[in-house]
Amino acid sequence: MKTTTGYSKSHTFDLILTAMLISLVFVATLTLNIKLPIAANGGLVHLGTAMLFIASILFGPKKGALAGAIGMGLFDLVSGWTLWAPFTIVARGLQGYLVGKIAWSMGHKGNSIAFNLVATIVSIPFMLAVYYICERVLYGSWIIPVASIPGNIVQNVVGIIIAIPVCVMLKKVSVFK
């Protein structure tokens with residue numbers, strides 16, 4: 001019985017933590033976002049990317065993938081970007097997974113600034129590729145999606161600039177050591 005109770009408490013804690021990370025990504029995406037005046041489809045810079053990076057670095061690939069995919073997917077569903085939701089789920093889930101996988105590789109568990117920085121940078125081309133293919137499907141052109149690449153890069157750079165220092169500070173807190 002004790003084993004089942006221990007597993008149940010651990011599983012419940014993981015569910016609650018994952019739900020909180022999803023909520024944080026959603027709220028960070030929803031509360032501060034700026035539509036960029038780049039081409040017709042523009043782009044969106046928001047703090048959700050920073051929160052995705054933070055979740056992935058602090059809690060690993062699975063929680064990071066779920067937080068990014070569901071948090072930003074929900075944002076798309078409730079904010080008028082509904083058509084983008086399936087692509088966002090794939091792009092941001094993949095991005096969160098990659099960041100967490102690299103940041104937690106070789107036993108680092110998100111404790112290496114260098115690995116965290118590499119992880120965030122390596123994830124960018126994958127996110128760009130998914131959205132590029134998405135726009136190719138939506139707009140029927142290989143040229144039109146090129147216009148959204150600068151906005152997506154800006155969004156990721158802003159996310160990195162915020163996430164890396166935040167993770168450094170949070171890793172000093174005893175809960176994350």
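Of the 22 residues in the largest nonpolar core, Leu21, Met51, Ile54 and Ile57 touch the most other members. Such a core is a set of buried Ala, Val, Leu, Ile, Met, Phe, Trp, Tyr and Cys residues joined through side-chain atoms within 4.5 Å; buried means under 20% relative accessible area with a 1.4 Å probe, protein chains only. The model is predicted, with local features needing pLDDT of at least 70 and side-chain atom pairs counting only at pLDDT 80 or more, while totals for chains, interfaces and linings use all residues. Residues are numbered from 1 along each chain, and side-chain values use heavy atoms, without hydrogens or water.

- A second, separate core has 6 residues, including Trp84, Ala91, Tyr131 and Cys134.

**Helix H2**
- H2 (residues 48-59) is largely enclosed by the rest of the structure because 11 of its 12 residues are buried.
- Among the buried residues of H2 are Gly48, Thr49, Phe53 and Leu58.
- Just after H2, glycine 60 has a positive phi of about 95°.

**Individual contacts**
- Leucine 21 touches Met51, Ala55, Phe59, Lys63 and Ala67, leaving aside residues up to four places away in sequence; contact means heavy atoms within 4.5 Å.
- Glutamine 155 lies in helix H6 (residues 149-170) and is buried, with a relative accessible area of 3%.

Definitions and conventions. Helices (H or I, at least four residues) and strands (E, at least two) are DSSP runs, numbered from the N terminus. Buried means under 20% relative accessible area, exposed over 50%, partly exposed in between (1.4 Å probe, protein chains only).
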